[in-house]
Amino acid sequence: MPEALGTALRLLAEFDPKLVEIVLLSLSVSLSAVGIAALLGFPLGAAIAVGRFPGRRTLIVFLNAFMGLPPVVVGLVVYLLLSRAGPLGPLGILFTPSAMVIAQAVLILPIIAALSRQAIDDAWREYEEQLRSLGAGRASAAMTLLWDTRFSLLTTVLAGFGRAAAEVGAVMIVGGNIDGVTRVMTTTIALETSKGDLPLALGLGVVLIAIVIAVNAAAYLTKELAQRRYG
Amino acid sequence: MSNGAILPLRLHDVSFAAGGRAIIDGISLEIEAGPSTIILGANGAGKSVLMRLMHGLLGASSGRIEWSAPEQPGAPRKQAMVFQRPVLLRRSAQANIAYALKIAGVGEPQRGAQVREALESVGLAHLAHRPARVLSGGEQQRLALARAWALHPEVLFLDEPTASLDPSATREIESVIRAFDAAGTKIVMATHNLGQARRLGDEILFLDQGRLVERAPVGEFFSKPQSAQAAAFIKGELPWT
């Protein structure tokens with residue numbers, strides 16, 4: 001065990017090319033997924049916060065519940081959609097990083113949408129009378145709220161990123177954990193651990209935790225700085 | 001006033017109920033251009049709700065509220081409202097005013113000059129670039145007044161605008177309100193502050209438990225109130241005993 005940790009640290013210190021490749025693929029998959037989920041989730045969250053339509057409460061309950069979607073189930077559903085016989089089969093992207101991006105985006109879309117809905121809902125309670133008094137319609141109020149809650153929304157993106165970077169089930173199923181193509185940090189850790197190759201698994205584990213801490217710290221500082229600056 | 005004036009405003013037997021309780025109970029009145037109108041009454045008398053009904057933020061449960069020229073949806077509003085606690089956006093003071101102008105459809109080239117004029121009218125030109133939410137309470141309220149004033153509304157509703165401010169900030173707000181009044185904007189203000197009503201008002205609408213109990217010029221209202229409730233309120237007696 002100490003031996004494995006030592007090897008792991010050496011891999012890190014030497015920027016082992018294999019390790020670097022896996023880390024970069026992980027980051028690009030999860031960041032793309034977060035980008036897509038935010039692009040869809042923010043407007044969705046704002047629309048549900050500001051809109052009044054039948055079924056709104058039910059939608060909120062489902063959205064909140066879907067924050068806890070099991071990654072393997074999401075992986076399975078996306079797998080079925082993308083498999084040769086599935087409706088999106090002709091795209092031919094199963095077992096590619098694109099499929100992994102889609103699966104993670106599906107997984108974290110409810111997280112980003114539900115958390116931003118909550119943040120925007122709170123702001124709407126505070127702003128509603130003022131914005132209506134100024135003559136803002138619901139659509140323009142939603143845009144205003146998205147911008148005014150931008151620092152809270154940063155936290156929702158972060159929650160999404162943390163979930164995407166840490167999950168293993170969805171990317172394993174739709175990516176296939178192919179060496180050099182779709183192998184990311186979590187799937188590698190799972191595989192190498194079962195193979196008994198602990199150094200690479202441990203090294204990746206250290207990187208994964210470091211990334212999550214660094215991203216959280218950056219977001220926390222940004223938010224605090226912004227709060228002091230903008231109130 | 002300019003063509004298409006929205007005043008007078010007429011209320012016909014307007015009521016507003018929430019949770020089975022009548023908050024506004026059968027009020028009929030007419031608000032004309034000119035004298036500044038103070039809505040006076042104890043907490044819970046219905047002042048805020050009445051203003052929100054007039055301003056269109058709430059719909060009446062029964063009765064009619066008619067402006068002489070109804071506002072077109074999407075057109076710039078000719079009425080504005082300033083709330084007890086100003087809600088400012090997380091951007092600079094001047095951007096807050098520019099935002100209101102943008103919603104009203106004022107083109108970008110014209111906004112700059114109007115923003116500057118509005119800030120100067122409340123003495124905040126030197127804080128134009130400061131984030132709005134870190135201004136002091138009094139400055140925030142003056143900014144809210146500037147934002148409401150930027151479009152030179154025909155009617156300005158003020159809902160206890162100084163209730164959460166200290167005396168010196170209150171004096172500043174009052175002098176701004178007086179200036180807007182002098183510039184021809186119709187002031188309709190709710191307050192429970194008798195001194196403020198006397199300083200700023202031309203006429204008093206006295207509300208008690210959702211009813212319009214008395215309407216009189218300021219001097220007359222304070223020297224010889226017609227109703228027992230108003231007399232009690234002026235004397236500072238508890239109106240609900």
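Let's start with the sheet in chain B. Three strands make an open sheet, in the order S2-S1-S4. The pairing is antiparallel. Keep in mind that this is a predicted model.

Which strands stand at the edges? Strand S2 (21-31) and strand S4 (62-67) of chain B do. Each has a single partner strand, so one side of each is left without a neighbour in the sheet. From one strand to the next, the twist averages 20°.

A quick reminder on sheets. Strands pair through backbone hydrogen bonds, and the pairing is either parallel or antiparallel.

Now one pair up close. Strand S1 of chain B covers residues 9-18, and seven bridges join S1(B) to S2(B). These two run antiparallel. Take Arg10(B) as an example: its bridge partner in S2(B) is Glu30(B).

What lies across the sheet strands S1, S2 and S4 of chain B? Helix H1 of chain B, residues 47-55, does. Helix H1(B) runs at about 55° to S2(B).

On to chain A. How many helices and strands are there? Ten helices and zero strands. The C-alpha trace of chain A spans about 65 × 50 × 25 Å along its principal axes. Of the 231 residues in chain A, 42% are buried. Now look at contacts in chain A with a separation of 6 or more: 79% of them join residues 24 or more positions apart.

Last, where the chains meet. Chain B gives 16 residues to the contact, and chain A gives 15. On the chain B side, strand S5 (79-82) and helix H2 (93-103) each give two or more residues. That side of chain B has twelve nonpolar residues, one polar and three charged.

Notes
Residues numbered from 1 in each chain as written. Chains lettered and ligands numbered in written order. Predicted model: local features only at pLDDT ≥ 70, side-chain atom pairs only at ≥ 80, totals over all residues. Contact = placed C-beta atoms within 7 Å. Helix = DSSP H or I, 4+ residues; strand = E, 2+ residues; numbered from the N terminus. Nonpolar A, V, L, I, M, F, W, Y, C, P; charged D, E, K, R; others polar. Buried ≥ 20, exposed ≤ 12 C-beta atoms within 10 Å, placed from the backbone. Pairing = 2+ DSSP bridges. Axes fitted to C-alpha atoms, helices over the stretch in contact; angles between N-to-C directions.
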